[in-house]
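Subject: Structure handed over, with notes

Dear colleague,

Please find below the structure I promised to pass on to you. My notes on what was found in it follow directly after.

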Amino acid sequence: LRPFRCGVGFLAINTFNFSETAKRDLAIVALGSYYPLSRRKLFNLPIHLGAGYKIQDKRFFVMLSPGISITF
C-alpha cells in the first residue's frame with residue numbers, strides 16, 4: 001500500500017456562478033494527497049496539498065485541504 005497519490009489536471013473556477021459579475025477562470029493544478037494507513041479503513045482523513053496557475057489572472061496559488069474518506 002502506498003499512502004501517497006499525485007495528479008495533474010484542470011480546475012474550473014466559478015463555473016456554475018451565472019451572475020453577470022462572476023469572474024470565471026481556468027487553472028492548471030498539480031495535487032498530492034497523503035492517506036494515513038491504519039488497520040481499520042472505514043474512516044480516513046487524507047490531506048491534500050497542491051499548487052496551480054490561473055490562466056486568465058496569470059497568478060500562481062497554493063491549495064491545502066483536509067478531506068474525509070469513508071469506505072463501506
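In what follows, a residue is called exposed when its relative accessible area is over 50% and buried when that value is under 20%, with partly exposed in between. Please keep in mind throughout that this is a predicted model.

By that cut-off Leu 64, with a relative accessible area of 65%, is exposed, and its place is in strand β5. Leu 64 belongs to a nonpolar patch on the surface, which is formed together with Phe 4, Tyr 34, Ile 47, Leu 49 and Val 62 and has about 670 Å² of accessible area in total. The elements that contribute two or more residues to this patch are β4 (47-54) and β5 (59-66).

As for the strands themselves, there is an open sheet of 4 strands in the order β1-β2-β4-β5, and the pairing is antiparallel. Because β1 and β5 stand at the edges and each has a single partner strand, one side of each is left without a neighbour in the sheet. On average, and with direction ignored, neighbouring strands of this sheet are turned by 20° against each other. Within the sheet, β2 and β4 run antiparallel and are joined by 8 bridges, and Ala 30 stands opposite Ala 51, a residue of β4.

Turning to charged side chains, the count comes to 1 salt bridge, which Lys 23 forms with Asp 57, the closest N and O atoms being 3.2 Å apart. Since Lys 23 lies in the loop between β1 and β2, whereas Asp 57 lies in the loop between β4 and β5, the pair ties together parts that are 34 residues apart in sequence. Lys 23 counts as exposed at 52% relative accessibility, while Asp 57, at a relative accessible area of 24%, is partly exposed.

Which value does phi take at Asn 14? Phi of Asn 14 is near 60°, a positive value in a residue other than glycine; Asn 14 has its place in the loop between β1 (4-13) and β2 (25-34), and with a relative accessible area of 35% Asn 14 is partly exposed. Phi of Lys 58 is likewise positive, near 55°, again in a residue other than glycine. Lys 58 lies in the loop between β4 and β5 and, with a relative accessible area of 63%, is exposed.

Conventions:
Residues are numbered from 1 along each chain as its sequence is written. This is a predicted model: local features need pLDDT of at least 70, side-chain atom pairs count only at pLDDT 80 or more; totals for chains, interfaces and linings use all residues. Side-chain values use heavy atoms; hydrogens and water are left out. Patches are made of residues with over 30% relative accessible area and no salt bridge: like charges are joined within 9 Å, nonpolar side chains (Val, Leu, Ile, Met, Phe, Trp, Tyr) within 5 Å. Accessible areas come from the Shrake-Rupley method with a 1.4 Å probe; for residues, only the protein chains shown count as cover. A salt bridge is a side-chain nitrogen of Lys or Arg within 4 Å of a carboxyl oxygen of Asp or Glu. Buried means under 20% relative accessible area, exposed over 50%, partly exposed in between (1.4 Å probe, protein chains only). Two strands pair if DSSP finds at least two bridges between them. Axes are lines fitted to C-alpha atoms, for helices over the stretch in contact, and angles run from 0 to 180 degrees between N-to-C directions.
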